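Hi,

Here is the structure I promised to pass on. Have a look at it first, and then read my notes below.

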Amino acid sequence: QLQLVESGGGLVQPGGSLRLSCAASAVELDYYSFGWFRQAPGKEREGVSCSEMLPTLTHYTNSVRGRFTISRDNKSTVYLQMDSLKPDDTAVYYCAAVHVTRARPCLSASMQSNEYVYWGQGTQVTVPS
């Protein structure tokens, strides 16, 4: 059972930056596909970015491409660097994962939430207008 814990959310002014972290309990992260999702009040959860290894893949939704960067360290953490933040980025951000033998949502660039099995508790990001 993979456990995910997000951190790094907060209140930031427009144009500012935040880095979200997703600490995973597994040590073999190469075998997991990771995604970052967000859900704003009254809206559906949407895929923001995803990352897979073997081969290395990343994907971003159009609204964040060029501003957000997903990365992994060589231990057990996945990051989402968020720059040039806008009020529309305000949401609860979730980290999600699935073993690649079960699904490869980043390979297909689908980033559908129902493809992911493991979820964190979420971290709030607020960018006031």
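Leu54 sits in the loop that links S5 and S6. Keep in mind that this is a predicted model. Leu54 has a phi near 60°, which is a positive value in a residue that isn't glycine. Its side is open, too: with a relative accessible area of 54%, Leu54 is exposed, since anything over 50% counts that way. The peptide bond from Leu54 on to Pro55 is cis, with omega near 0°. Pro55 belongs to that loop as well, between strand S5 (46-52) and strand S6 (57-60).

Another positive phi turns up at Met111, near 45°, again in a residue other than glycine. Met111 is in the loop between S9 and strand S10 (118-119). Is Met111 buried or exposed? Its relative accessibility is 8%, so Met111 counts as buried, the cut-off being under 20%.

On to the cores. The largest nonpolar core has 29 residues, and those touching the most other members are Leu4, Phe34, Trp36, Leu80, Met82 and Tyr93. Two or more residues each come from S3, strand S4 (32-39), S7, strand S8 (77-82) and strand S9 (91-99). Apart from this one there is another core, of 8 residues, and Met111 is among them, along with Ala96, Ala103 and Cys106.

Leaving out neighbours within four places in sequence, Tyr93 contacts residues including Trp36, Phe68, Leu80, Met82 and Thr123.

That brings us to Thr123, which is part of strand S11 (residues 123-126). Thr123 has 11% relative accessibility and therefore counts as buried. Its side chain reaches the backbone nitrogen of Gly9 at 3.2 Å. Not counting residues up to four places away in sequence, Thr123 touches Glu6, Ser7, Gly8 and Gly9, plus Leu20, Ala91, Val92 and Tyr93.

Ser7 leads on to the sheet. Four strands make up an open sheet in the order S1-S3-S8-S7, with antiparallel pairing. The edges are strand S1 (4-7) and strand S7 (68-72), each of which pairs on one side only. Neighbouring strands in this sheet are turned by 15° against each other on average, ignoring direction. S1 and strand S3 (residues 18-24) run antiparallel and are joined by 4 bridges. Ser7 stands opposite Ser21 in S3.

Cheers

How values were computed:
Residues are numbered from 1 along each chain as its sequence is written. This is a predicted model: local features need pLDDT of at least 70, side-chain atom pairs count only at pLDDT 80 or more; totals for chains, interfaces and linings use all residues. Side-chain values use heavy atoms; hydrogens and water are left out. Buried means under 20% relative accessible area, exposed over 50%, partly exposed in between (1.4 Å probe, protein chains only). A polar contact is a pair of N or O atoms within 3.5 Å; within protein, one must be able to donate a hydrogen and the other to accept it, and residues adjacent in sequence count only if both atoms are side-chain atoms. Contact means heavy atoms within 4.5 Å. Two strands pair if DSSP finds at least two bridges between them. Axes are lines fitted to C-alpha atoms, for helices over the stretch in contact, and angles run from 0 to 180 degrees between N-to-C directions. A nonpolar core is a set of buried Ala, Val, Leu, Ile, Met, Phe, Trp, Tyr and Cys residues joined through side-chain atoms within 4.5 Å.
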